[in-house]
Amino acid sequence: MHPKLIHKTNKRLEQICSSLVSEGWSLVISHGKVGCPANLHEVIRTFRHRNGGRIGIYVEGATIEIYRNGNLRHSETVSI
């Protein structure tokens with residue numbers, strides 16, 4: 001995976017996460033792998049809200065998927 005694409009994907013992920021935090025969501029889990037083998041880029045972030053809701057953000061390559069309470073709510077692909 002191209003370094004510019006990784007940077008752009010991470011920047012978009014940070015925009016999404018900061019928006020969630022400003023809305024009252026708390027980060028519970030943050031895990032990521034960048035690099036070999038095969039230029040792997042995977043990130044998982046999980047958020048919890050005080051009302052009991054949960055949001056999971058999964059990044060694989062240049063695709064970002066957002067799940068809310070186990071249901072896919074949004075998917076987007078980042079391009080250069």
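**Close-up 1. Glu-14 and Arg-45.** Glu-14 is partly exposed, with a relative accessible area of 40% (buried means under 20% relative accessible area, exposed over 50%, and partly exposed in between, with a 1.4 Å probe and protein chains only). Arg-45, at 14%, is buried. The two side chains meet in a salt bridge, 2.8 Å from N to O (a salt bridge is a side-chain nitrogen of Lys or Arg within 4 Å of a carboxyl oxygen of Asp or Glu). This pair links distant parts of the chain, 31 residues apart: Glu-14 lies in helix α1 and Arg-45 in strand β2, residues 40–48. Helices (H or I, at least four residues) and strands (E, at least two) are DSSP runs, numbered from the N terminus.

The model is predicted, so that local features need pLDDT of at least 70 and side-chain atom pairs count only at pLDDT 80 or more, while totals for chains, interfaces and linings use all residues. Residues are numbered from 1 along each chain as its sequence is written, and side-chain values use heavy atoms, with hydrogens and water left out.

**Close-up 2. Glu-76 and Arg-12.** A salt bridge joins Glu-76 to Arg-12, with the closest N and O atoms 2.9 Å apart. Here too distant parts of the chain are linked, since Glu-76 belongs to strand β5 and Arg-12 to helix α1 (residues 3–22), 64 residues apart. Glu-76 is buried at 17% relative accessibility, whereas Arg-12 is partly exposed at 30%. The count of salt bridges comes to two.

**Close-up 3. Asn-69.** Asn-69 lies in the loop between β4 (63–68) and β5 (71–77). Its phi is near 50°, a positive value in a residue other than glycine. Most residues other than glycine have a negative phi.
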